[in-house]
Structures are given as structure tokens and as C-alpha cells.
Amino acid sequence: MSINLDDYTRAEMMIIATARQVRDGESSIVGMGPPLLSAALAKYHHAPNMWYCTESGPLDWIPTSRELPAPIGIADHSLTQGSAMSGDMVDALGAFVNGGWAQSAVLQAAQIDRFGNLNTMLAGTFEDPIRRLPGTGGNADIGASVERVISTMPLETRRFKERADFRTTAGYIDGPGGRAEAGLAPQGPNKCATTMCVFGFDTEDGGTTGSCEMVLEQLFPGVSLEEVQTTIPWNLKVSQDLTYMDPPTEEELVLLRHLDDGGNHLIPGRY
Amino acid sequence: MMTAHEAVERFVNDGDTVYSGFNIISFALTNEIIRQGIKGLKAVAGSVTPNVTMMSIDGNVNRIETGYLSGTLRSKPFQEMMRDGRVKWNDYTNMTITLRLMAGGLGMPFICANSFLGTDYLLEETMNHSRSLKEDRRREDGSIAPPYAVIDSPFDGRKALLYPALKPDVAIVHCQRADEEGNVQVWGPQADTKWGLWSSKNVLVTAEEIVPRSVISTEPHFTIVPGFKVSAVIHEPWGSHPSGLNGYYRADREWAGLTGAGMTTWHGAREYLDEWVYGTKNHADYITKYKDRFGEDLLDNLRVKDTMAPEQPARYGWR
């Protein structure tokens, strides 16, 4: 199959950039929606030995066929095709994640803030929300215990906040020392992959030292620094080693479009 | 063995706390609760699903404790009721609801998890917001118990977060198969199902298939609660339609879309409930009506074809 490599969307690039953060051989808890798609792409593409688990209980999903589309929900029936274990939430979020066996998490959120805290609860204030969102699902459970968080969401001003409207999932909280003060273990290196770029966080030791602020690390092809800076409502830190991310390869794009199952995941207009 | 009608009449009362199911939903029992006009239920589950939206429209459910509103917010009536306080709730997580059910099942007063450390769940305005379940948490001395609490561990002095046990009055769930004694067999991702059943005083189960005890006993590892824990077992083919059942049928996405679309407005919800819930006698009648309206093919196409039967089934034996 030959495809036009210049013809891809920013949403597709977001999924590919998210997948590129997933490492081969690591154990990962994967949230619903675009994270399931990104992690499936990583598993098919460069991380065949990652442990792919979702919170409702399927542990170590290995797709039985390359013809299968990526799962959409965390209890998708296709996740039992090739899983090593079909457990429950106590196994997945309890023992696997809180027990300290999950090396990474791939999560989506409605908002992220300057210190990497995620919000899936509401926009506005609790008493008078502009919009109530579904709630945390397992994100809060995961953010408290996982070694490293890869988050993903479109780059839009309403999603990137100096302080999240509601912190459902702890990142670095208010800055250095925040996690320790709250009673949480260090975490990182965290990443946030968007429709324009990839961010990291300014801390070498999981939140004890450094500013713990979001740092622009990689721009997507064709995206300018100014475009990102004008979207972010605070004075964004930019890495001294800022680079451009490689565009999608043919293999990544072909795989992604197959896994997306005719656009079931990347609903146009939403991402 | 009884009918869904008898089971709901006997075991579901106004004001009960009901474990409403996470990923194996009994729409057969959901519809029956609506038909019988049970009022003021509190729905609890790691995630609540569109069956809870349906039960909220006529006030069958008016309180919720959950970690995730799955699909329910597509409903404008549901959003409106959350805003004006007709639906009250407190927020938890997928895992902490599961652990709270587990604590209830194990007879523990509370359970510990660190999920809310460093988050806004610990703010007073989150725990006791104006539409929260403060009244449900009122103690005998009149004070309000918190929905969860941070303590310093008596063992090492570190912060620990406690969540109270959940003990629902009744659980409603669908399963792949059960026998007449009520031994419930489930496979596939189970989320919080097992602990929803162990923690609930009464357990109502609709089963896709009723099988002899001898079938149960050849694969006892699929039994999630034993028969004595189950108050009513009901034979209900297509009992989780329009949601799916692992190994039997896929979710009816078009129909779920119709249901969801119905629930998005008050008018749509009224029409849907009047036609498909109040307008049917029971779940078999609902399925017959569906076939009459849309033809047999639509349902048949949902049946799972590749059932992945084991080449080497588990073997038990002792001599």
C-alpha cells in the first residue's frame, strides 16, 4: 500500500507521538480512548514486549491477529483475545498499579496544568461548573502510584491551565517537594503528547528538585514555537535542546489507520 | 429461580443502595426496576453506565457514588438533575469504589488507598458540595461523616487515606451462566463485579444460560459467588442488551446509540421509556418487540462467531 506521507492530521501525529513515548519491555496501564490506540500502535510497532493492561482486568494483552482494530474501551471484549490473565479491578488497579508493578501509564485528560496535574472532573468551579466531565475513572488511582505518566490531549488553551480547574490526578502538585509533602512517591520522567508538540517536566528526580514545570521538548513538523507559546496561558519554559520530532513513517501511519478502525477512535472534530 | 418481576418486587425497596453493574449490565433488571416505579435508589459502581441514566429519568435513582459517569453525561436531563440537585452524588474512583465494595464484602469498616493524595478531592468544597450525599453520611449524633479521610498511620506515621466500606442493599447484574442454585459464572474483564456481589445483602442475577450443576462443577473457577449468596437467579436471554456479553454478543451500538439519543432530551427519554420499558411486559417481550420492529437479523448479527473454545480445557481430578 502506498500512502501520501505529507497527508496526515495533527490528531494522527498526537497518537504517533504518544506511542513513541512507550518503551519496549515496560509494564503499562492504559486508559480508555486515544491511550488505548496509542499503546496498541506502540505494541504493534516498536514495543512488542510491553505489558499492556487495562483497569477492568485484562492483563498482558497480546493481540492474536494484526487484523484486529485497537480496543476502544477498557473492558472491550477484544482485550480477552490473547490476554494472559482476565482479572478484575483489584488485580489491575490494586495489585498491578498500587502494588507498584506498573512502570508507565498512558492517560488522556481534559486538562493539564503547569505542574502536570490532570483534570477529568469539570471545567469551571465545583459549585458552578461550565461543564461537568465524567470523573476520574482510574486516573487518580494510577497517578498516585505509577512510576511514569504519559498523558495525551489536543493542544488548546482551555486544556492547558496555570492551575487545573480540578486536580483529579496528582502530577507535581504545586512544584518541587509537592509529591513528597502529599505522601506520594516520586514520579517521572512524565511526558505530555499533544497535537503540536511533546512536553516534559523540569525535574531530574521525579519531583524533589528542579522547578517541576512543564517544558516544551519537541515540536511537530510544521509547527512554530510561537504557535505553541501563544496557546499556553503562562510563560512556558522551552528546553535548550528543543528539537523537531520526525514525521510519521509509512509503517506508523498505515498501522495507525488500520488500528483506528475507520475512525472509531479519532472522531473528526474532537481531536 | 424466579422472574425478574418477582425478584424486583421482593428484593428492591424504595431508598435502597443498589450495586448497578460496571461492565456486565442487567438491562433486564434495570427495565423491571423502572416498570415497578421503585424510587430514590442510590446507584453505586466503579463506573455507572447508561442503565443508571435510564433509572434517573423517573427518579428511580436519585443518588450516585462512583468513579466515572460512563455515557451518562450525554443525557441533558441527567446533567440538568446533577446541576439542580435532583441527583446527588459524591465522586470516588474506579479502584476506590471497588475496594470499598471489597471492604464491605470482607466485613471491614474501611479500607486504605492513596488515590486522592495531592488532589482536589480532599478539599472541603469537593467532599461536601451542595449536592453531595451529606445526609447519607449523617451520624447518630447529628454530625456529618466525611466521604473519606486522611490519617497519620499509627504504624509508621505516614499519610494514609481511608475509605468507608460499602454494603449495598441489593446488587443487579447479568452473567454468562448460572445454575438453579444461583452459582454465578462470569468470564472476561470483571471490573468490580465480584465484590459488588459479595458486599450486597441481596444479589439478583439474570443469566444468559441456566446450566446444570454438573456444568458449573467442571469449571468451578468461573464461579464468582456461590449459590447461597444469591437471592434470585433469573433466566434472561439477551439480558444485557443493548450492552454486550463476552463470548455471546457484542454491544448493539446502533441501538445503544438510539437509547443514548433517546436519553439526551426529556422528550426522547419519555418516548423511549414509554415505548420500550413501560410498553413492554418483561425482557422477553422487549426482545420480541425489537425483533418485530427490526427483524431477526439485527440481533443475530450481534452474536459472537469466533468463541475461542479452549483446545486444552482446565482439568480437575484427584486420583
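Predicted model: local features only at pLDDT ≥ 70, side-chain atom pairs only at ≥ 80, totals over all residues.

Student: OK. In chain B, what share of contacts between residues at least 6 apart join residues at least 24 apart in sequence?
Tutor: The share is 72%.

Student: What is the secondary structure of chain B?
Tutor: Twelve helices and twelve strands.

Student: How does the radius of gyration of chain B sit with a compact globule?
Tutor: It agrees: chain B has 20 Å, and a compact globule with 319 residues would be near 20 Å. Along the principal axes, the C-alpha atoms of chain B fill a box of roughly 65 × 60 × 35 Å.

Student: And how much of chain B is buried?
Tutor: 49% of its 319 residues count as buried.

Student: Switching to the core. How many residues are in the largest nonpolar one?
Tutor: 155. Among those with the most contacts inside it are A:Ile29, A:Leu41, B:Ala43 and B:Val184. Helix H2 of chain A, residues 34-45, gives the largest share, seven residues.

Student: What does A:Leu41 touch, beyond four places in sequence?
Tutor: A:Ile15, A:Ile16, A:Ala19, A:Leu255, A:Leu256 and A:Leu259.

Student: Now the interface. How many residues from each chain?
Tutor: Chain B puts in 44 and chain A 40.

Student: Which helix supplies the largest share on the chain B side?
Tutor: H5(B), with five residues. H4 (76-84), H6 (124-127) and H7 (193-199) of chain B each supply at least two.

Student: What's the residue make-up of that side?
Tutor: 14 nonpolar, 22 polar and eight charged.

Conventions: Residues numbered from 1 in each chain as written. Chains lettered and ligands numbered in written order. Helix = DSSP H or I, 4+ residues; strand = E, 2+ residues; numbered from the N terminus. Rg over C-alpha atoms; globule rule 2.2 N^0.38 Å. Buried ≥ 20, exposed ≤ 12 C-beta atoms within 10 Å, placed from the backbone. Contact = placed C-beta atoms within 7 Å. Core = buried A, V, L, I, M, F, W, Y, C linked by C-beta atoms within 7 Å. Nonpolar A, V, L, I, M, F, W, Y, C, P; charged D, E, K, R; others polar.
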